[in-house]
Amino acid sequence: MAVRIVEVGPRDGLQNIRDTIPTSTKLELIQRLHQTGLQTIELTSVVSPKAIPQLADCREVLGNPDIKALLENPQLRLPVLVPNVKGLEIAKQLGVREIAVFISATEGFSKANINCTVEQGIERSTQLASLAIASDILVRGYVSCIFADPFDGSTPLPAVLRCVRSLLDAGCYEVSLGDTLGIGSPANVRELLNYLITNGIPVERLAGHFHDTYGQAAANAWEAFNNGITVFDSSVGGLGGCPFAPGAKGNVASEDLVYMFHNAGILTGVDLSKLVETGNWVCKKLGKSNSSRAGTALMTK
Ligand code: HMG
Ligand code: MG
């Protein structure tokens, strides 16, 4: 039995950090993550630099010769988050072979994050997916605010279903379910997955993206795994968060997921000790405390 870890550290992990991070640190982070055996790494986003100033150097990251070499490696999946045709065009020119499109199940976060309604978000991502697929670019989808929205409160189950279905119909090979606020717990995960699966969504096309604000993220991933999900987004050192989701904390730490799955005999293909080193290295570089419990415990051994 194996799971696939989608490392989102270079994108979700860094996007909400205010102090400018040198491009060289981002490049080294990607290389170190690659060295751990991770096969899927979200490299950056090509979004408005006004919305996410931290990732305004996406062209330098993607255009770097060492990253270009990774992009040409057919074993690797290196998605880049894009919100619109402008982002797709830039990504395409830089040799990106996979993009991630993103919508929210809720109006408040949709407006704050991508300046449009849920319906417009669905239309944009559908158009984007069709353009990408026509250029042989794979498309992954995200649905944010699966449990709650920072402005609108709790999210109705049918709102999530509508978004997941739209992204799959648009041609996304997989849809990642984002608990943007990190507010859900395993009972919520079970309820949502039962609802989606009962309504015809194939569980093998779903992934889990759990932020850890309430300390539930690893438990949520485990519950999702026990309900059939085998793809999990996570971030080294538990970095992460979105500037448009105030108060939300980082993603579940990659080290914690790898530790949890390995202890259950489930393969990830990741070298835990190299991952732990990378988490400690990047947190030191960024001057952040390491949110990975396994990472800090194993480092002090
Ligand atoms: P807008 O202001 O409505 O759009 O923003 P616009 O078309 O008027 O563009 C505004 C400016 O941005 C223009 O520049 C554009 O050229 C530029 P100006 O003329 O003012 O100088 N621009 C771009 N520049 C580079 N690349 C682009 C691009 N597009 C426009 N692709 C827009 C709408 C969607 C562009 C904006 O709101 C945006 O970029 N939003 C992205 C926000 C974001 O990245 N949020 C974090 C990622 S989502 C997340 O974290 C959740 C997730 O992790 C899952 C979960 O946890 O739930 C995925
Ligand atoms: Mg996120």
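In which sense do strand β1 and strand β10 pair, and over how many bridges? Strand β1 (residues 4–7) and strand β10 (residues 231–234) pair in the parallel sense over 4 bridges, where pairing requires that DSSP finds at least two bridges between two strands. Helices (H or I, at least four residues) and strands (E, at least two) are DSSP runs numbered from the N terminus.

The model is predicted: local features need pLDDT of at least 70, side-chain atom pairs count only at pLDDT 80 or more, and totals for chains, interfaces and linings use all residues. Residues are numbered from 1 along each chain as its sequence is written, and chains are lettered from A and ligands numbered from 1 in the order in which they are written.

Strand β1 also pairs with strand β2 (residues 40–41), in the parallel sense and over 2 bridges. Residue E7 stands opposite S234 in β10 and opposite I41 in β2.

Around ligand 1 there are 27 residues, of which V47, S48, G87, S144 and G178 come nearest; a residue is near a molecule if its C-beta atom, placed from the backbone, lies within 6 Å of it. At least two residues of this shell are supplied by each of α1 (9–15), α5 (85–93), α6 (107–114) and β5 (138–144).

N115 is placed in the loop between α6 and α7 (118–134), and D136 in the loop between α7 and β5. N115 counts as exposed because it has 12 C-beta neighbours inside 10 Å, and D136 counts as exposed because it has 8. A residue is exposed if 12 or fewer other C-beta atoms, placed from the backbone, lie within 10 Å of its own, buried if 20 or more do, and partly exposed in between.
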